[in-house]
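I opened the notebook to look up what sits inside this fold. My entries go from the rings to the cores, then to a helix and a strand.

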Amino acid sequence: MRKGDRKNPRLWVPDLDRHSFGDRLGEVVDSYSRFLEVCYADHFKLFTDRLKNDPDAAKAEAIVFSWLRAEQYNPHLAESVDAGGIDFFCTPGSKEPFFLEVTHLDRKAVEKRSGWPDQLDDAGRTFSRITPNLWSKAKSKAFQLGRRGPARILAVCLNHVGASALLGTLAVEWLMTSQPRIAIPIALDGKSRASSQVTDLRNAAFLAPRKGKIVPVRQSISAILLIATWEDRLEVLGMLHPKPAIPFDHCTMEDIPFLRLQWPIVSNQILMEWVIGHPASMQHYHSKVVITDEELRGSTLRASYT
């Protein structure tokens, strides 16, 4: 740190050149690009084109891969250059393997829905939740994730000044049930009735009403991760599908708080719980992708699925 500046040597000012806890976002993207060039040459051009045409999508891919690798989930590219597919196949040691698909929220759409401009200022403002945007991502990705093989996780990323609030615990809860409303029964007999929370499940990622019952939908998605991305770190919360085609063991990602439902649902009463008390987003500082000796020798795993 610097203890002063030229105008006032006694005034402390932060050292703008000081490195933070994590590597910078640009460094992670550059290292991931070099990794692709060496290990997945057929994907390298696609990534460079994506970085030019949709930089938020490319950055999300790079930092999620970096996080998976740093946490020893052992990610490998699973997407086919010709046929597409899920982004990564992970083999986390002794635990069950899983696929992970990365997507991102458009910042302009988030600004419009939330009313929160993507800029830092001193203005005080209210904002709306972006549950419909998150629900739309789950809906659009459900078919791509398929229904066979290992568990499939959808990671939804957001780079926005309000990302931590917009993808916090309440965002996860509302994506599970849709936005709740307060119902106050009309007391025709003069007796008071207790109020309750109700939902129409309109923007619920995993549930829908069918003939008076609540049924599971989008069962191809085993779990969803909401990831707020920053210059030097990411923040993660998760939610588990109550009845997926392929279950995901949340203990595989033991540092991440996951929201889950009690299943089956009885009398249309939805009961939710976090797998840990006092949940808060898991923080992980970025780290550059380092190419291993095995990868330099060309012995990388190629994963595919149907």
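**Entry 1: a ring pair.** I looked up Tyr-32 and Phe-65 first: both are buried, where buried means under 20% relative accessible area, exposed over 50% and partly exposed in between, with a 1.4 Å probe and protein chains only. Tyr-32 and Phe-65 form a tilted aromatic pair, 5.1 Å centre to centre with 45° between the planes. My ring criterion: rings of Phe, Tyr and Trp (its six-membered ring) pair if their centres lie within 6.5 Å; planes under 30 degrees apart are stacked, over 60 edge-to-face, the rest tilted. Tyr-32 sits in helix α1 and Phe-65 in helix α3, so the pair ties together parts 33 residues apart in sequence. Helices (H or I, at least four residues) and strands (E, at least two) are DSSP runs, numbered from the N terminus.

**Entry 2: provenance.** This is a predicted model; local features need pLDDT of at least 70, side-chain atom pairs count only at pLDDT 80 or more, and totals for chains, interfaces and linings use all residues. Residues are numbered from 1 along each chain as its sequence is written, and side-chain values use heavy atoms, with hydrogens and water left out.

Entry 3: I counted aromatic pairs next: the structure holds twelve. Trp-67 and Tyr-73 have ring centres 6.0 Å apart and planes at 75°, so this pair is edge-to-face. Trp-67 is buried at 0% relative accessibility. Tyr-73 is buried too, at 7%. One aromatic cluster takes in Tyr-32, Phe-35, Tyr-40, Phe-47, Phe-65 and Phe-88.

**Entry 4: contacts of Tyr-32.** What does Tyr-32 touch beyond its neighbours within four places in sequence? I find Phe-47, Glu-61, Ala-62, Phe-65, Leu-77, Phe-88 and Val-289. Contact means heavy atoms within 4.5 Å.

**Entry 5: cores.** The largest nonpolar core has 41 residues, and Tyr-32, Trp-67, Leu-100, Leu-225 and Met-253 have the most contacts inside it. Such a core is a set of buried Ala, Val, Leu, Ile, Met, Phe, Trp, Tyr and Cys residues joined through side-chain atoms within 4.5 Å. Elements that each supply at least two of its residues include α1 (25-39), β3 (98-104) and β9 (223-229). α3 gives the largest share, eight residues. Apart from this core lies another, of 40 residues, among them Leu-105, Val-172, Leu-201 and Leu-261. In soluble globular proteins, nonpolar side chains tend to be buried together.

**Entry 6: α3.** I checked the helix length. α3 has 16 residues and reaches 22 Å from its first C-alpha to its last, close to the 22 Å expected at 1.5 Å a residue; the expected span is 1.5 Å times one less than the number of residues. Twelve of the 16 residues of α3 are buried. Among them are Asp-56, Glu-61 and Ser-66. Just after α3, Gln-72 takes a positive phi of about 65°.

**Entry 7: β4.** Why is β4 largely enclosed by the rest of the structure? Eight of its eight residues are buried, so the strand is largely enclosed. Ala-151, Ile-153, Ala-155 and Cys-157 point one way from β4; Arg-152, Leu-154, Val-156 and Leu-158 point the other way. Strands pair if DSSP finds at least two bridges between them. β3 and β4 run parallel, joined by seven bridges, and Phe-98 has Ala-151 as its bridge partner. β4 and β9 also pair in the parallel sense, over six bridges. Here Leu-154 stands opposite Ile-224.
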